[in-house]
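Q: Hi! Could you walk me through this structure while I have it open?

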Amino acid sequence: MKTLKIVTLSVVLSFLTFSCSNDDNGDSTIEEAPDFSGTYSQADQMGRPAVNTVFVTPSSKDTFNRTIPSEQNATFQNMFETNLTALSPAFTTAEDTNALGLTASEFTGLLATDVLNVSLDGTTTFFDGTNVLTGRALADDVITVELLLIFGGEDFTENPSLSNDNVDANDKPFLTSFPYLASPW
Amino acid sequence: MKNLKSILGVGALAVASFFTIAADHIDAPAVSGGSSDVTDFYAFQGENTENLVFVANVQGLLSPGETAGATFSENVLVEINIDTDGDAVEDLVIQAIPRDGDMYFFGPVAPAQTGLDSSIQTTATQQGVVEISRYNEAPIIGTNAGMSFFAGPRDDPFFMDFAQYTEIIAGNATGFNTPGTDTFAGTNVLSIVVEVPKRLIGNSGTINTWVETKTK
């Protein structure tokens with residue numbers, strides 16, 4: 001108990017020091033130490049873009065947000081497959097695949113565990129024509145990629161009017177340096 | 001042969017709020033539009049290729065007029081989860097939580113517990129803090145021990161013709177327009193950006209990552 005307090009105090013002190021040396025206006029030197037105690041309980045979560053929005057039935061959306069990723073496949077893969085095949089004429093038969101060679105079952109099996117796969121060894125992109133699911137860069141046209149994988153069929157040629165929203169880039173250029181996102185409007 | 005409209009009609013029942021706003025904006029009733037509503041999550045190699053960048057955005061669709069008044073909630077913990085061994089269970093977390101105008105960062109650090117509940121890892125070796133940037137001022141960047149930190153309003157990096165998708169799902173249109181119209185043009189989000197050396201999150205190979213908001 002005492003040890004914990006001492007540890008907490010030393011952390012707090014290191015914070016204050018840190019804040020002091022990095023804060024132009026010096027406000028934080030006279031503030032109370034922040035309170036970080038307590039338990040924080042899950043509200044929302046997200047791995048890949050649009051997965052909850054697209055594949056989860058409305059009445060289950062909150063449940064999906066509170067199901068840990070390691071349990072999502074068992075709970076949601078069937079729902080995802082049902083919704084995918086209902087939505088897309090590119091998955092009419094069990095043999096239909098998308099351009100990744102994945103059937104409706106396989107594709108939703110991948111998506112149902114809603115985590116973003118990220119390579120630590122090079123190019124990071126949702127899809128750039130060569131690399132697939134190695135991250136998500138700001139400029140990646142993730143919606144068109146997902147529409148193509150949902151509607152585009154085996155070679156991206158099916159349902160062309162549904163498989164590209166024809167918005168290919170952000171409304172402001174991104175920065176090459178930290179913090180990378182464009183300034184607000 | 002099912003025609004497309006009937007297929008989409010069935011789809012619309014199943015996914016009535018399909019792209020009610022796309023990436024994860026307003027994805028579910030319990031969080032919709034509030035301070036814990038994650039809008040988007042990105043992970044990409046940094047300008048320094050030894051680093052990885054995580055971006056977690058909350059509170060989407062802020063008009064310029066609303067942006068100056070938008071604030072992070074001190075009751076909302078934003079937690080970036082990192083699975084380094086492929087079992088979709090977090091081995092490391094990076095936690096971000098605001099206190100009195102500053103955003104505090106803890107991690108990457110092994111969490112005290114995995115799953116739906118978190119405590120803040122105040123004894124983490126890796127920590128940082130940055131003053132939350134204000135609207136219409138230059139972004140404030142914090143650095144510590146190889147990591148970089150930002151928190152504040154930015155342009156929403158997401159882009160999509162959501163409006164036309166809604167028309168398609170409603171049966172009022174059969175396809176997208178050429179060119180489309182970016183429904184998110186001119187809107188802002190509250191953004192948390194953290195850049196971390198890859199050696200602190202597995203160094204090599206593939207990680208799985210996701211973002212959570214957790215409330216007190």
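Q: How many bridges join S2(A) to S11(B)?
A: There are 4, and the two strands run antiparallel. S2 covers residues 116–119 of chain A, and S11 covers residues 206–215 of chain B. Helices (H or I, at least four residues) and strands (E, at least two) are DSSP runs numbered from the N terminus, and two strands pair if DSSP finds at least two bridges between them.

Q: And in S11(B), which residue is the bridge partner of Ser119(A)?
A: Thr206(B). This is a predicted model, where local features need pLDDT of at least 70, side-chain atom pairs count only at pLDDT 80 or more, and totals for chains, interfaces and linings use all residues. Residues are numbered from 1 along each chain as its sequence is written, while chains are lettered from A and ligands numbered from 1 in the order in which they are written.

Q: What else pairs with S11(B)?
A: S1(A) does, antiparallel over 5 bridges, with Asp44(A) opposite Thr213(B). Strand S3 of chain B (residues 76–83) is also joined to S11(B), by 8 antiparallel bridges; there, Asp83(B) has Asn208(B) as its bridge partner.

Q: Why is S11(B) largely enclosed?
A: Because 8 of its 10 residues are buried, the rest of the structure largely encloses S11(B). Buried means 20 or more other C-beta atoms within 10 Å of the residue's own, with C-beta atoms placed from the backbone.

Q: Switching to confidence: which element of chain A has the lowest mean pLDDT?
A: Helix H1 (residues 2–22), at 43, whereas S2(A) has the highest, at 98. pLDDT is the predictor's confidence in each residue, from 0 to 100. Chain A averages 87, and 83% of its residues score at least 70.

Q: Where does pLDDT stay under 50 in chain A?
A: Over residues 1–29, for which the model has 20 contacts beyond four places in sequence. Where pLDDT is low, the predicted coordinates should not be read in detail.

Q: Last one: what is the strand order in the open sheet of chain B?
A: S1-S2-S10-S9-S8, 5 strands with antiparallel pairing. S1 (38–45) and S8 (142–144) of chain B are the edge strands, each pairing on one side only.

Terms used: Contact = placed C-beta atoms within 7 Å. Buried ≥ 20, exposed ≤ 12 C-beta atoms within 10 Å, placed from the backbone.
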